[in-house]
Amino acid sequence: MNNKSDPHLIIVGGGASGLVASIVAAKSGMCITLLEQNSQIGKKIRISGNGKCNITNKNIVPERFHSCHKGFIETVLQDYGFDAVKTFFTSIGLELVEGKEGKMFPMSLQASSVSELLEYEAKKLGVNFICDCRVDAICKKNDIFILETTQGIHKCEKLLLASGSPAAPQLGGNDSGLHFAKQMGHTIIPNLPSLVQLCSKESWIKHASGVKCEGIAKLYANGEYITEKKGDLLFTAYGISGLAILDLSREASIHLAQHAYCELILDLIPKLNKEKLTALLLMRIQKESQKPLSLWLQGIINKKLIPVILEQSKCKAIYEYQLNRKEIGKLVFTLKNLKLSISDTKGFKGAEVAAGGIDTAEVNPQTMESKRVKNLYFAGEILDVDADRGGFNFHFAWVSALRAGKALKSNYIF
Ligand SMILES: Cc1cc2nc3c(=O)[nH]c(=O)nc-3n(C[C@H](O)[C@H](O)[C@H](O)COP(=O)(O)OP(=O)(O)OC[C@H]3O[C@@H](n4cnc5c(N)ncnc54)[C@H](O)[C@@H]3O)c2cc1C
């Protein structure tokens, strides 16, 4: 049996899912200790969504989530859509407001308010927080979990691993929870960075650094079309970022891990189709004009991209009067099909989330309890579930925690 001074439940990780699970479970009156390696609770929450925390999305559908087992997500989301998350946050005094594309934010537009209200609520319910406490090893003996930490040994009957993923190690991201789960018999789907910037070794990329434009990025792996995304493109010294890139980075990460040759084809002028862009450029040609092409193209695209377009298109004209239909054809093709080879991602350090994690086939989607180890629960990104940008990753953290907390609460016997 557990010692009387030991908590009934230990939660490893004071991030999004650990905090919510602690609040729900604490309502049963059970004694809970939450161990957090950082000196501050909820570090990722505090800087999320550019400081505003995109807390969830109004349009929760399973298609926005990724896992090796789609059925797991479908079950988790049943009765745990947008309304469930809204109800929970309203109950702790946090109002939500809607942004673009169904994205929901705290009304304060301050990510820190999410973390601080969660922490307050958990402490009010008696959850014992121990910060600066890293869990280094876990084993189970005689139905008791024994945790070796930087602040001594901790024991409990029930354990919730909510220690997240290796994404953003600068904020505490690591894969320790996956090692603990593996040691206790779980299968781990290898982690890959997602929602991450992409690197390129193209010599021209550094000259375009700082350019931001609206475009379409198409991803090809070994010459095969994979996917495409529309939105911001941001050229950087190391490669490319921007919302369109983050949105396709999961696929790029998977194919790069398989050593495929990855390439982006960028449409820098998506608002005009090939015919309309050709007609516009032809119309702009003034006969006998000595204007250099480098200046002439400034009326169309960012000047930092002009040398790239001229070089890649192999346009022979130097002055406006030298342009003809053939040269315009080359320019149009390059403006709408600029090739950018991709060598790597920016890794976990640049990633918002990690794909992969604990195999969800080994976890009960109703309760988040392990099917392998009794009284072991999981919540959040430690599981093999990641999602699209737009509040979906936090949504999974909250709802998996609501489910785990509820199950722990109802299994608690006084
Ligand atoms: C820059 C950035 C911005 C983001 N913005 C958004 C957004 O706006 N919307 C959205 O939906 N998602 C966003 N995300 C993703 C979101 O933050 C995560 O999906 C979410 O935090 C996962 O919750 P979690 O509880 O599983 O893990 P985390 O929130 O990472 O919490 C895990 C906690 O466990 C602790 N821990 C780890 N190992 C140990 C150990 N061995 N001992 C003790 N403690 C340990 C960690 O320090 C951490 O505090 C963002 C991520 C990043 C990096």
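This is a predicted model: local features need pLDDT of at least 70, side-chain atom pairs count only at pLDDT 80 or more; totals for chains, interfaces and linings use all residues.
I began with a term I needed: two strands count as paired if DSSP finds at least two bridges between them.

I then traced the open sheet of three strands to which they belong, and I read its order as S3-S6-S5, with antiparallel pairing. Strand S3 (56–57) and strand S5 (96–98) stand at the edges with a single partner strand each, so one side of each has no neighbour in the sheet.

**Entry on the cores.** I turned next to the largest nonpolar core, which has 70 residues, and noted that Val20, Ala21, Leu160 and Trp398 have the most contacts inside it. Helix H13 (residues 392–411) gives the most to this core, namely eleven residues. Apart from it I located another core, of 43 residues, which includes Ile245, Ile309, Leu323 and Ile328.

**Entry on the ligand.** Which residues come nearest to the ligand? Of the 41 residues around the ligand, I listed Gly13, Gly15, Gly164, Gly172 and Gly380 as the nearest. Sorted by class, the shell has 15 nonpolar, 20 polar and six charged residues. Helix H1 (16–26), helix H2 (43–51), helix H6 (176–183) and H13 each supply at least two residues of this shell, and H2 gives the most, with five residues.

Key. Residues are numbered from 1 along each chain as its sequence is written. A nonpolar core is a set of buried Ala, Val, Leu, Ile, Met, Phe, Trp, Tyr and Cys residues joined through C-beta atoms within 7 Å. A residue is buried if 20 or more other C-beta atoms lie within 10 Å of its own, exposed if 12 or fewer, and partly exposed in between; C-beta atoms are placed from the backbone. Helices (H or I, at least four residues) and strands (E, at least two) are DSSP runs, numbered from the N terminus. A residue is near a molecule or strand if its C-beta atom, placed from the backbone, lies within 6 Å of it. Ala, Val, Leu, Ile, Met, Phe, Trp, Tyr, Cys and Pro count as nonpolar, Asp, Glu, Lys and Arg as charged, and the others, Gly among them, as polar.
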